[in-house]
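Hello,

Here is the structure for you to take over. My notes on what turned up follow below it.

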Amino acid sequence: MPISTEGRDPVVKRVFVAPDPGRTRLRFATRAVLGIGLAVVLCGLLGHSLVGAVTGGLAALLALFTVTDATVRGQALTTALLPVVGVPVLTAAAELHDHPVARDLTFLAVVGAGVYARRWGPRGHSLGVFAFMTFFIAQFLRATPGQLPELYAAVLLSVAAAAAVRFGVWCYERRLPVPPAVVPPGGTGLARVTTRQAVQATAGAAFALVVGQLVSGQRWYWAVGATWWIFVNTTSRGETLVRGFRRVLGTVLGIGLALLVAVPVHGAAVPTALIIAVCVFGIFYTAAVSYTWMMLSVTLLASLLYGALDMLTPGLLVLRLVETGVGALGAVLAVLFVLPVTTHAVTDAWIQRALRCVHACTAAAAARLAGADADPARHVAELEQLLARVRLAVAPLVHPLNPMLGRKRRARRVLGLLDDCAREIRGLVAVAADPEASHDARLAAACWRVEGAVEALVTGGGRGGAAPAVAAVSGVPVVAAVPGVPLVTPGPAGLAGSGGAARSGGSATVAAPGDSAGGAALAAPAVPEPVLPMGPAAVAGAADPAVRAGATLPDAAHAPLPALTHLHGLERALAEMAAPLREPSGSPLVGA
């Protein structure tokens with residue numbers, strides 16, 4: 001059983017042994033080095049100063065890193081829009097350079113607008129990040145109005161160079177299937193997560209700006225930058241806290257490495273260029289698997305740029321660490337006290353969506369096996385995206401520093417069972433794709449059981465109407481396949497109870513026709529429990545009334561065993577998931 005190892009394996013192992021299907025991360029990082037290198041070379045050939053070349057390189061980095069639309073066409077459009085938001089922000093940052101109050105208020109407005117733009121999906125997120133970083137780069141390089149023409153040219157040229165590499169020279173995404181877009185939970189007003197985060201990020205940035213300026217009147221923007229990036233790709237309070245910890249840890253490690261590498265190099269052209277290329281590769285290669293390692297690469301890159309600008313000293317590195325701590329503190333205070341979004345609420349929403357996607361995958365596969373024109377593969381892709389969001393949401397619970405051991409254990413168990421569900425779904429879809437696969441009534445019965453199990457988990461009960469009742473016998477879920485045929489089961493019906501296996505005195509529960517999985521049940525005299533075989537045969541025979549009476553299972557030699565095997569695995573995983581989801585110790589992962 002694949003169990004999530006987040007928080008247990010060494011960080012180094014997670015980075016260098018982490019799977020890279022299709023070498024996507026390798027290609028992503030290599031292409032970034034080529035695109036950014038081309039942008040910097042072109043800036044140099046056109047006679048731009050070092051400040052212009054650095055601006056161009058960072059603009060190309062952002063164009064290649066932040067644009068994440070689902071389609072290549074969407075990525076190209078978002079890339080073309082980057083200068084549209086970047087140039088005005090760059091103008092404002094340079095023009096307000098000598099007007100601190102107006103500059104600071106404008107910076108905070110950019111922070112709030114950039115986070116709020118996430119409500120419009122990946123494109124809004126990309127444009128918000130580019131706008132913020134353009135203002136940040138202007139502070140980093142101390143841009144003045146007189147430098148604006150050169151900086152405009154550097155941004156436009158570098159974004160064009162990055163686009164040429166991404167969409168012309170090496171557009172490997174054209175050969176990849178289009179990933180499904182996972183829409184975040186909606187809402188209106190302050191009920192919308194992006195709205196609450198925009199308020200939080202602005203409040204945290206304001207704290208970081210004020211305290212950061214007290215620490216340093218010149219490098220205060222590091223604190224604001226730390227606050228901003230801690231809010232990127234997070235939703236809940238727990239996610240933000242974990243990301244803040246990882247940012248500080250990565251900064252500490254990066255500063256230690258900078259003292260050993262960047263300070264001795266001290267801006268020498270050739271070694272600085274080579275190490276910067278390595279840092280760029282590290283940022284892109286590790287971003288998907290370890291924020292700590294990505295921050296190490298970012299910190300070393302920033303140190304090398306300061307060395308190239310002849311401003312790097314050990315004291316400057318220490319100041320960067322202090323400002324990063326100030327920014328992390330601002331983010332922590334904001335998520336704790338300003339419109340907090342709890343980890344439980346976010347985890348609940350994503351787990352429920354993943355479970356409903358499991359049901360959608362099963363229904364589509366069953367329809368395909370029945371001969372309908374259904375495509376379960378798209379649901380599988382969506383399930384993978386949702387599971388990635390579940391892992392991100394649950395990450396605070398499985399973090400090594402989480403003191404709530406009970407919740408950590410249960411969260412790991414839920415992740416493992418969701419991985420089981422995904423594995424069985426992939427197998428079921430592969431069977432359904434086989435043109436030789438034939439329909440069997442027991443497949444439909446098993447799919448009904450999966451639907452009932454999902455409904456019981458996400459609602460505390462099952463679907464209404466003539467639906468099967470869900471129970472557990474010897475740990476194996478068994479459901480009446482035919483509406484109207486009662487099923488005698490030991491204990492409370494459905495997964496709405498504590499795992500579906502609890503007993504209640506000397507009575508048994510009989511699911512009445514038309515009752516839901518967790519709905520009303522009729523008390524009946526106790527009867528001996530039917531002894532059912534374990535494994536796929538148990539599911540194959542669950543639809544036979546003779547089996548429910550304890551008779552021998554019919555010969556299943558010609559049954560579609562692969563599909564039934566995967567459906568049985570789904571049922572078992574869903575039945576076992578009830579206990580960790582409903583366990584009363586501590587705060588539940590999903591509300592009962």
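A search of the whole structure finds 15 aromatic pairs. Please keep in mind that this is a predicted model.

Take Phe 140 and Tyr 306 to begin with. Their ring centres lie 4.8 Å apart and their planes meet at 70 degrees, so the pair is edge-to-face; the cut-off for that class is over 60 degrees. Phe 140 belongs to helix H6 (residues 121-140) and Tyr 306 to helix H13, so this pair ties together parts that are 166 residues apart in sequence. Phe 140 is buried, at a relative accessible area of 6%. Tyr 306 is buried too, at 3%.

Trp 220 and Tyr 221 also form an edge-to-face pair, 6.0 Å centre to centre with 80 degrees between the planes. Trp 220 has a relative accessible area of 2%, so it counts as buried, because the limit is under 20%. Tyr 221 is buried as well, with 1% relative accessibility.

Which rings have a charged end sitting over them? Arg 118 places its charged end over the ring of Trp 228, 5.7 Å from the ring centre. Arg 320 does likewise over the ring of Trp 222, also 5.7 Å from the centre.

Helix H5 (residues 100-116) contains Arg 103. Is Arg 103 buried or exposed? Arg 103 is buried, with a relative accessible area of 10%. Leaving aside residues up to four places away in sequence, Arg 103 touches Leu 96, His 97, Phe 135, Gln 139, Gln 213 and Trp 220.

**Second largest pocket**

The second largest pocket has a volume of about 530 Å³. It is lined by 20 residues, and those closest to its centre are Val 40, Thr 272, Ala 273, Ile 276 and Leu 305. Four helices each supply at least two lining residues: H2 (24-45), H3 (50-66), H12 (269-286) and H13 (291-308). What is the lining made of: nonpolar, polar or charged residues? The lining has 16 nonpolar residues, 4 polar and no charged.

Best wishes

Definitions and conventions. Residues numbered from 1 in each chain as written. Predicted model: local features only at pLDDT ≥ 70, side-chain atom pairs only at ≥ 80, totals over all residues. Heavy atoms only, no water. 1 Å grid on protein atoms, 1.4 Å probe; cavity = no way out; pocket = protein on both sides within 12 Å on 5 of 7 lines; lining within 4 Å. Points joined across faces, edges and corners; volume = space filled by probe spheres on them. Nonpolar A, V, L, I, M, F, W, Y, C, P; charged D, E, K, R; others polar. Phe/Tyr/Trp six-rings, centres within 6.5 Å; stacked < 30°, edge-to-face > 60°. Buried < 20%, exposed > 50% of the residue type's maximum accessible area, 1.4 Å probe, protein only. Lys NZ or Arg CZ within 6 Å of the ring centre and 35° of its normal. Contact = heavy atoms within 4.5 Å.
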